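My notes follow in the order in which I looked.

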Amino acid sequence: MVIWLLGISGSGKSTLGKELKNYFDNNNINSYIIDGDIIRNFYENDLGYTKEDREANIKRILLSAYILEQNNIIPIVCNISPFEQLRDFARRKFDNYFEIYLKRDINNIKNKKTVYKDKNVVGVDIKFEEPKNSNLIIDTNKLTKEESLNHILKYLKLKQCLN
């Protein structure tokens, strides 16, 4: 199983990823968080933030998630993932791929001035392609992190991925 949390910067991906990881840890379920920044740091920030560089970083994330999944560790991916073509690729490569779109209005981002100050920002300079086939859409404008986590857990239980 691969859980892929996606959405614009500030939508709650890392926050919910950590909450999900805590749930898994408390229930003795092997999981690991893959964050785009962790991958970038591992490769000594050799990629920038252009569309092409973002695609290359997502491909690295996909491989990391695949390796974890093959070793019975649930990858919890926290990444903007703005490109539908790479989300389609993920659907083809993983048997149990759960795409969870954390939908958030860019005007409701708490740290917007910090997050959106640079160039090549997804949602500003680079188009965020609205997901067409997400398994679950969570409006983080309206729901708390606890409510959002409960929606994710309820969905995974419904799909019989969790007890």
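I first wrote down what a cavity is: a set of grid points where a 1.4 Å probe fits but cannot get out, with lining residues having an atom within 4 Å of a point. I also noted that this is a predicted model.

I looked for cavities of 30 Å³ or more, and the count came to one. The largest cavity holds about 30 Å³ of space. I listed its lining as Trp4, Ile58, Leu62, Ser81, Phe83, Leu86, Arg87, Ala90 and Tyr97. Two elements, helix H3 (51–70) and helix H4 (84–93), each give two or more residues to that lining. H4 gives the most, with three residues. I then sorted the lining by class and got seven nonpolar residues, one polar and one charged.

I found six aromatic pairs in the structure. I looked up Tyr101 and Phe128: their ring centres are 5.7 Å apart and their planes are at 25 degrees, so I noted the pair as stacked, since planes under 30 degrees apart count as stacked. Tyr101 is in strand S4 (residues 97–103) and Phe128 is in the loop between helix H5 (112–115) and strand S5 (136–139), so the pair ties together parts 27 residues apart in sequence. I checked burial, and both Tyr101 and Phe128 are buried. I also noted one aromatic cluster, formed by Trp4, Phe94 and Tyr97. Of these, Trp4 and Tyr97 were already on my list for the cavity lining.

I found Arg40 over the face of Tyr49, at 4.0 Å from the ring centre. Lys51 lies over the face of Phe83, at 4.7 Å from the ring centre. Phe83 also lines the largest cavity.

Technical notes
Residues are numbered from 1 along each chain as its sequence is written. This is a predicted model: local features need pLDDT of at least 70, side-chain atom pairs count only at pLDDT 80 or more; totals for chains, interfaces and linings use all residues. Side-chain values use heavy atoms; hydrogens and water are left out. On a 1 Å grid over the protein atoms alone, a cavity is a set of points where a 1.4 Å probe fits but cannot get out, and a pocket is an open set with protein on both sides within 12 Å along at least five of seven lines; lining residues have an atom within 4 Å of a point. Grid points are joined across faces, edges and corners, and a volume is the space filled by probe spheres set on the points. Helices (H or I, at least four residues) and strands (E, at least two) are DSSP runs, numbered from the N terminus. Ala, Val, Leu, Ile, Met, Phe, Trp, Tyr, Cys and Pro count as nonpolar, Asp, Glu, Lys and Arg as charged, and the others, Gly among them, as polar. Rings of Phe, Tyr and Trp (its six-membered ring) pair if their centres lie within 6.5 Å; planes under 30 degrees apart count as stacked, over 60 as edge-to-face and the rest as tilted. Buried means under 20% relative accessible area, exposed over 50%, partly exposed in between (1.4 Å probe, protein chains only). A charge sits over a ring if NZ of Lys or CZ of Arg is within 6 Å of the ring centre and within 35 degrees of the ring normal.
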